[in-house]
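Please read the following points beside the sequence and the model.

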Amino acid sequence: MNEVLQVAGYFNTRLNSSTVVVGSAHYVSNVGTGNAIGIYAESKALGNNASATGLDVRAVDPTNVGLIHTGVNANAANGSWQSFAMNGDVKNSNSDQNYGYQTEIYNAKSTALNYGFHGWVNTPGTANYGLLLNVSGATNNYGVYASVPGNAPNDYAGYFNGDVYASGTYISSDIKLKKNITKLDGALDLIKKLNPVIYEYGDFEQSNGLNLPKGEHNGFIAQEIEELIPNAVKIIVHPEQRDSLGNIAKAGLTFKAVNYIELIPIAIMGIKEQGAVIDSLQTVNHELQSQVNNLNDRLSRLENCLNGALPYLCQLSHGLIQENSPQAQELIRQQLSVYLSSKESIVLDQNIPNPFAEQTVINFSIPESVKSAQIHFYDGRGNLIKTIEISQRGLGSITVFGADLSSGAYLYSLVADGIVVASKKMIKE
């Protein structure tokens, strides 16, 4: 079946030797208050299966050697209120899908740089927007919806060379989107291995066009993070930039980037683990403090008990001493001489040490009222060995050297004003 073509106007120009070949050129001017329209095209599709195209413009080079092909080239200049290089509206549509602007690129060579939309804004205005979108009215509204398959290592739904501001940001975290969920353990040990640094970015603007922020920053080194948390690091390929003639203006660059959001759960778990350690130490401290308080209470009760019982113990001890034989009483007094001695009493202590090998010390106490005092030494048979005159009054001591004495028992007595006050036995080894 032959296709029937109806056209309001058809223009075909073939001038191979001309510098500029124009398929259709229109020039209109209006000095009044109306609109000047260079080309106005309207098409209506009245059939059920018909489609309507207001303007179909193509730039084709069958030899594939053309320099630049431009399907539509629009220019709006010298406007005083609003200027639109291209303005499109979709009104009163009954379609399920409507596109204010649609573009497709396919069958390009593998080494080409392809842009669905490519625009420059460079003017000293109040504000410049590379893309300004305002979307509202539907159940779900998306100012920008970008999608890539994500199969390649460097697939990004959005790539921004510079700072990004967002008034609100959410990360997919619904449990129905996740699997293989396990508890994060050992975060505190992992945090101890992290090495935060202060750094500045190098100058990559001239050679690569990276708009890296200036000044000092806090962060990590990607290579160090990769050794500890591999899933938080990814290789980024910054694409090369070309000029309008297709020449490389700035070279591409491959580098590693850190997903800092992956570090937040580790930091939180580390805080929880540190808190558990602190709670455990506090529990131990409370237990130790309780034990100390208990010991202090017991010690206080013991002191109170001793303070109350000590007089009775002393009285009981004195009574027990009196119940013993004179020899036993003497032995007890010798042992308690430190506590029972008095400056006004005559006291003869047991020699120390006893038994002895080379020498021993005898302590005594003789009051001022005693006129004469001696210490007599006797051997085991009762024979007098030596007499020492004591001229000192009050507390005193003598040292006995027994290198020439034979081993055995000896006796020494304190005589005051001719009366034997006390006698002690000493042993020579």
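**Note on aromatic pairs and a pocket**

1. Phenylalanine 377 and tyrosine 412 are both buried (under 20% relative accessible area; exposed is over 50%, partly exposed in between, with a 1.4 Å probe and protein chains only). The model is predicted: local features need pLDDT of at least 70 and side-chain atom pairs 80 or more, while totals for chains, interfaces and linings use all residues. Residues are numbered from 1 along each chain as its sequence is written, and side-chain values use heavy atoms, without hydrogens and water.

2. The whole structure holds five aromatic pairs (rings of Phe, Tyr and Trp, the last by its six-membered ring, with centres within 6.5 Å; planes under 30 degrees apart are stacked, over 60 edge-to-face, the rest tilted). Among them, tyrosine 142 and tyrosine 145 have ring centres 5.6 Å apart and planes at 80°, so this pair is edge-to-face. Tyrosine 145 is exposed, at 66% relative accessible area.

3. Phenylalanine 377 and tyrosine 412 make a tilted pair, with 6.2 Å between centres and 40° between planes. Phenylalanine 377 belongs to strand 9 (residues 373–378) and tyrosine 412 to strand 12 (residues 408–416), so the pair ties together parts 35 residues apart in sequence. Strands are DSSP runs of E, at least two residues, numbered from the N terminus.

4. The second largest pocket has 34 lining residues, and Tyr201, Phe255, Lys256, Ala257 and Val258 lie nearest its centre. A pocket is an open set of points on a 1 Å grid over the protein atoms alone, where a 1.4 Å probe fits, with protein on both sides within 12 Å along at least five of seven lines; lining residues have an atom within 4 Å of a point. Strand 6 gives the largest share of this lining, five residues.

Notes: Helices (H or I, at least four residues) and strands (E, at least two) are DSSP runs, numbered from the N terminus.
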